[in-house]
Amino acid sequence: MKIKTILYTILLLVILIIAGFCYFHFYNKKMIYPQEVYAPILAYHGIDDKKAVTSAYFLTQANFTSQMQWLKDNHYTVISMDKLYNGLSGQGKLPPKPVVITFDDGEQSNFIVAYPILKKFHYPATFFITTSLTNQNPDYMTWAELKEMVANGMIIGSHTVNHINIAKMRLERVEPELIDSKKALETNLGIKVKYFSYPNGGYKNRDMEVKEAGYKIALTTHQSVIQKINSPDSLYALSRYEVFGNLPITFDQIFNPTKN
Ligand SMILES: [Zn+2]
């Protein structure tokens, strides 16, 4: 009887140890600070053969397609902003070679040219919209076009109402830009808007305003493929690589900074 009790106690202890190990290993993935994470985020504006002749903010269709093919050939996993958030906040794991694709401003060619190419590659992307231009300026996407992209797995984020550099604005003008753009997107598209991109990359002393407005991530234009995560608030100033039509370096050099 005594031996049986001892055996049961040992068995119970073994089960508890295994359960504890499993909990810490599989569920308790807390982020350790500080941390440097390899997570390239690309920033595009427009894909338009005609406009690419005169503006560096536009890429030709052929150029953009070959960059998307490069990611595939080099075994990168294009992940959504949701997956990036999970990975950088310790709620999930990032794949070994992650990359996030983003577009700023909501320019018309995002829907007409970029979106079909992204769909062909099965790449999710996030589009940051300047809401005062939606349905107002024919050079920018409409609510119907944004809705179609949302229905096909694309993510929509805010790029303010009026495309202003919030780092240079008085604080009382910043809040409506953050809140009203979020509301407009949520009302018109029936989605929850969680991500923000700073117009002109201006974020100094404004990252905590973005957090207070209810966003989870905010993107700068600090050209790096490494995310320096010092605290949960680092998610409001993530680095992003702006891809220009006249890019002086190759994709290989961008993604492998040690080769630069
Ligand atoms: Zn912009």
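Reader: Where does leucine 133 lie?

Author: Leucine 133 lies in the loop between β7 and α5. Helices here are DSSP runs of H or I with at least four residues, strands are runs of E with at least two, and both are numbered from the N terminus.

Reader: What sort of model is this?

Author: A predicted model: local features need pLDDT of at least 70, side-chain atom pairs count only at pLDDT 80 or more, and totals for chains, interfaces and linings use all residues. Residues are numbered from 1 along each chain as its sequence is written.

Reader: Back to leucine 133. Buried or exposed?

Author: Leucine 133 counts as buried, because it has 20 C-beta neighbours inside 10 Å. The cut-offs are 20 or more other C-beta atoms within 10 Å for buried, 12 or fewer for exposed, and partly exposed in between, with C-beta atoms placed from the backbone.

Reader: Which residues is leucine 133 in contact with, leaving aside neighbours within four places in sequence?

Author: Gly106 and Tyr140. Contact means that the two C-beta atoms, placed from the backbone, lie within 7 Å.

Reader: And how far is leucine 133 from valine 161 in space?

Author: The two are 8.1 Å apart, C-alpha to C-alpha. In sequence they are 28 residues apart.

Reader: What about threonine 134? Where is its place?

Author: Threonine 134 is also in the loop between β7 and α5. With 20 C-beta neighbours inside 10 Å, threonine 134 counts as buried. Beyond its neighbours within four places in sequence, threonine 134 is in contact with Gly106, Ile129, Tyr140, Met141, Thr142 and Trp143.

Reader: How far is threonine 134 from asparagine 63?

Author: Their C-alpha atoms are separated by 27 Å. Along the chain they are 71 residues apart.

Reader: What is the phi of asparagine 135?

Author: It is positive, about 65°, although asparagine 135 is not a glycine. Its place is in the loop between β7 (126-129) and α5 (143-151). Asparagine 135 counts as partly exposed because it has 15 C-beta neighbours inside 10 Å.

Reader: And asparagine 205? What is its phi?

Author: Phi of asparagine 205 is near 60°, again in a residue other than glycine. Asparagine 205 is found in the loop between β9 (195-197) and α7 (207-212). Why is it exposed? Because 11 other C-beta atoms lie within 10 Å of asparagine 205.

Reader: New topic: helix α4. How many residues does it have?

Author: Helix α4 has 13 residues, 109-121. It reaches 17 Å from its first C-alpha to its last, close to the 18 Å expected at 1.5 Å a residue. That expected span is 1.5 Å times one less than the number of residues.

Reader: Where does α4 bend?

Author: At tyrosine 115, by about 40°. The bend is the angle between axes fitted to the seven residues ending there and the seven starting there. Proline 116 follows within four residues. Just after α4, histidine 122 takes a positive phi of about 60°.

Reader: Which residues in α4 are buried?

Author: Ser109, Asn110, Phe111, Val113, Ala114, Tyr115 and Leu118. The buried residues of α4 pack against β3 (46-47), α2 (61-73), β6 (98-105), β7 and α5.

Reader: At what angle do α2 and α4 pack?

Author: At about 25°, with their axes 11 Å apart. That makes α2 roughly parallel to α4. Axes are lines fitted to C-alpha atoms, for helices over the stretch in contact, and angles run from 0 to 180 degrees between N-to-C directions. Angles under 35 degrees count as roughly parallel.

Reader: Which residues in α2 meet α4?

Author: Gln61, Phe64, Thr65, Met68 and Lys72 in α2. On the α4 side they meet Val113, Ala114, Ile117 and Phe121.

Reader: Where is the place of glutamine 69?

Author: In helix α2. Glutamine 69 counts as exposed, because it has 12 C-beta neighbours inside 10 Å. Its C-alpha is separated by 8.2 Å from that of phenylalanine 121, 52 residues apart along the chain.

Reader: Which peptide bond is cis?

Author: The one from tyrosine 33 to proline 34, with omega near -10°. Proline 34 has its place in the loop between α1 (2-27) and β1 (35-38).

Reader: Last one, the whole protein. How many helices and strands?

Author: The protein has 8 helices and 12 strands. Its C-alpha trace spans about 85 × 45 × 35 Å along the principal axes. Of the 260 residues, 35% are buried. Among contacts with a separation of 6 or more, 63% come from residues 24 or more positions apart.

Technical notes. Parallel < 35°, antiparallel > 145°, perpendicular 65-115°, else oblique.
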